[in-house]
Amino acid sequence: MAGGIPRGPVAATNIKSRRGIEEPALIRRVLIGIVVGFVGVFLLLPLANVFAQAFAKGWSAYVQALQQPDTRSAVLLTLLVSAICVPLNLVFGVVAAWAVAKFQFRGKALLITLIDLPFSVSPVVSGLIYVVMFGAQGFLGPWLDSKDIQIIFAVPGIVLATLFVTFPFVARELIPLMEAQGRDAEQAALTLGATGWQTFRHVTLPSVKWGLLYGVILCNARAMGEFGAVSVVSGHISGVTETLPLRIEKLHQEYQSVAAFSAASLLAILALITLGLKTWLERRQATEQALGQSDSPSSHEH
Amino acid sequence: MSIELRQVSKRFGSVSAVEDVSLTVADGELVALLGPSGGGKTTVLRMIAGLEVPTSGDLLVRGERVNDVPVQKRNIGFVFQSYALFKTMSVFDNIAFGLKIRKTPPAEIQTRVDELLKLFGLDGLGRRLPHQLSGGQRQRVAIARALAPRPSVLLLDEPFGAVDAKIRQELREWLVRLHRELHVTTIFVTHDQEEAMEVSNRIVIFSRGRLEQIGTPREVYEQPKNEFVARFIGVLNVLELTILNGAARLHELSFPAHGLPEGQTLRIGFRPYAVQISRNLQEHPYLAVIRHVYFLGVQLRLELETPSGLILRTRIVKDEFLRQGLEQGSSVSFQIREYRVLSTGANSLSPEVATVHSAATFAEGI
Amino acid sequence: MGLQRNNVLPGFGMTMGYSIVYLSLVVLIPLAGLLIRVSAMSWADFLRVAFSDRALAAYRLTFGASFLAASINAVLGTLMAWVLTRYRFPGRKFIDALVDFPFALPTAVAGLTLANLFSQTGWLGQFLVPLGIRLAYTTGGIVMALTFVSLPFVVRTLQPVLEEFEVELEEAAATLGAGRWCTFRRVVFPALLPALMTGFALAFARAVGEYGSVIFISTNKPYVSEITPQVIMGWLDQFEYANAMAVAVVMLSASFAILITINLLERWASRFQR
């Protein structure tokens, strides 16, 4: 599918011993060296740099930076937005996956493409469409104004924009997974007398739990880290509509390097946790597949 | 091209796939490497090709040691079980691949590939892609590709494994014809003993990494070296006898004791054709009922059951069956004309396996 | 699949309904809103803004830098996918997991740290700047940031294809006399090409839309170092909504064009499967 969520590392079970046809050892080492070097310089160094700069003036400066009231508000706002968007998109993802995977209907491909849409839209444009909709000069602008409802340049706008950019994550994980699992198990449950809801809770949900978790983790990472879309709708009001990424930008603009990097370090830690969970989940899924306890999208034929 | 293996072994980690195998293949021979799955035959084939490197032992081609010669330089043709056609290339380009590598002039490539397309019945398919071909066609492309650079030996890994049984028969005959026409030394791996028997000049039998026997089809059938070969090639009836009162017995059957002490066990084997039956219940010493008749065309396969519950397999020509007025459920008398001793005692492999003993008129009085 | 009884399971109406409503509210209606507003503009105005000099300069920079970044990733990504799939070495799993890092890291953090790293006082910048290699606050920096954020796309698209690649094809080529490089060039690479192009397109799409990291590493001067999203932002800040929307529509069109290309590529890629 387009706009993909890159799938992480897969267990290297098919590295066979190909004694007869391998590259000479020297070439192998050079290539490995290049890759390791590149990854080290390009990926690890920037990561380490975040922490290095955050602690450039010592531990107390770091803590102080994090305790700045505006930074604290930013953290809270980021958490709040995530706490709203992730569950909403989670529910949607599950519901949409059920509709797509368990039924046959025309226009399925179209629906899936539409779900994928936010992936292909640039973040700034994602924010812009809400400004067009709810901004002062937007479609609903005057009406909202009359009701004294603030969406743009306020938290609701941030929530909406984040909702848009994180929209597909859970659905994209679940749809191929549930499609691969087919409908047999659910139909069997029905024959045994289960209601739709019971079937879903006891049959479907357990079999997609890892995919679900995976989607949630990615959704959360994006929700907390989104910059462009939120930047457009938020108005950058410190302490009110600044999420953590925006806060970092503000601090950077004010040349508060240590503070900026300290705030950045929180997001870097989030990234590491996301990576770790992602890897752990993939390994979990791989083990379960190997033991035949669950299915991979490629292990099924229709 | 004579190929020689001298005490070749191959280990993968702690697993020994091939142990101490020595054999020679003469120029122009068509040899089958036969054995059950995991027996090591594919590994031996791949070592000859250079796709695996022996852990120990020597691999010689025309007297020269080639263990360290890379696969690219060995000038062999290899046909994989899955055909391994290059999916993004046309049939023509697939077959031409080896020639292009050798920088053959385009005109020559054209001639050679056309020649092969014709020979293999692939006329007009030159522009097609592999996924547009049938299984049989793909296989022929694979063989044509391997033969295009005129290799000195052709190696095939279970070439007929993925094909329908009927087509398999045709392909076997085709392979024999091809070999006769091209005179390329050919070695192929199979687990189907009928195939090996039908197609090859000589059969090399592997089991669990070891070489059990090498011989012509007739040799391995009529003179198996040990119980494994005897059981693997053709059908074998096996009986486990115990020495009692001076004779080797199992229920009502008795055989010579072969000088073994009381209580010793003796395993014998005999082919279906060694069992003679007759409608006349007095003619032979033992009685049985025809439990089942399998109709195979000209021959019939019979399952006999003795009163004590032993099941023996035998064959009879249809005409003879009808002439004697036999049918399923008929009672017959039978005798075992000849047999081989497979082993005495618990585990020993007797050298007497190749020796055939005539069953005596041992039934009376013992 | 053919004759299976459809829709025996309950909940179709409800789930479809919810999905469509949610989808409409969050995605479709707002997007439509933009298109409606833009269609209120006259063609002349639209073209004037959408292809103004400032916009054109931004397009050149955005698409040019993205193309460069995607190309770099195509080469490096192929190399990385090869090494990670084919070779075993200590730390392989760690590096494999690390490839997803740009995907997990918020773009603002990426931009911030890269700009710092390559600036004159940064860890790497202190060595590189004297050598004349300026990767912060230059176009080169933009390319680098875009390479960073789109890195995983090529690698992850190629890895499954490489993993499932029949080794026997390479062995067959070897038996026919081809050396390793020759085998790679003639046998492996053509089979990878569709996936590589898909990965390239994905990386390109990602880079074109990127905003956060570039803001930190670019000087963002109009006509000089301004990427397209920044043009939109700039006009929004000045409440020039119409202009912003016009450029946004151009971006959307480009995104959809890439999206369609990717879909076509994926269909082409499966052409060679049995």
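Helix α1 of chain A, residues 25–54, packs against helix α3 of chain C, residues 53–86. Helices here are DSSP runs of H or I with at least four residues, strands are E runs of at least two, and both are numbered from the N terminus. The angle between the pair is about 115 degrees, and their axes lie 10 Å apart. Axes are lines fitted to C-alpha atoms, for helices over the stretch in contact, and angles run from 0 to 180 degrees between N-to-C directions.

A word on the source: this is a predicted model, where local features need pLDDT of at least 70, side-chain atom pairs count only at pLDDT 80 or more, and totals for chains, interfaces and linings use all residues. Residues are numbered from 1 along each chain as its sequence is written, with chains lettered from A and ligands numbered from 1 in the order in which they are written.

Which residues meet there? From α1(A), L31(A), I32(A), I34(A), V35(A) and F38(A); from α3(C), L76(C), L79(C), M80(C) and V83(C). Contact means C-beta atoms, placed from the backbone, within 7 Å. By class, that is 9 nonpolar, no polar and no charged residues. Nonpolar covers Ala, Val, Leu, Ile, Met, Phe, Trp, Tyr, Cys and Pro; charged is Asp, Glu, Lys and Arg; the others, Gly among them, are polar.

Now the whole contact between these chains. Chain C gives 83 residues, chain A gives 84. On the chain C side, helix α1(C), residues 12–39, supplies the largest share, 14 residues. That side has 58 nonpolar, 14 polar and 11 charged residues.

Over to chain B, and its sheets. One is open, with 6 strands in the order β6-β7-β8-β3-β9-β10 and mixed pairing. Strands pair if DSSP finds at least two bridges between them. β6(B) (76–79) and β10(B) (210–215) are the edges; each has a single partner strand, so one side of each has no neighbour in the sheet. The twist averages 15 degrees from one strand to the next. Helix α4(B), residues 135–147, packs on this sheet and touches β6(B) and β7(B) (153–157). Its direction makes about 170 degrees with that of β6(B).

Another open sheet of chain B has 5 strands, ordered β15-β19-β16-β17-β18, with antiparallel pairing. β17(B), residues 299–305, joins β18(B) through 7 bridges. There, E305(B) sits opposite I311(B).

Definitions and conventions: Contact = placed C-beta atoms within 7 Å.
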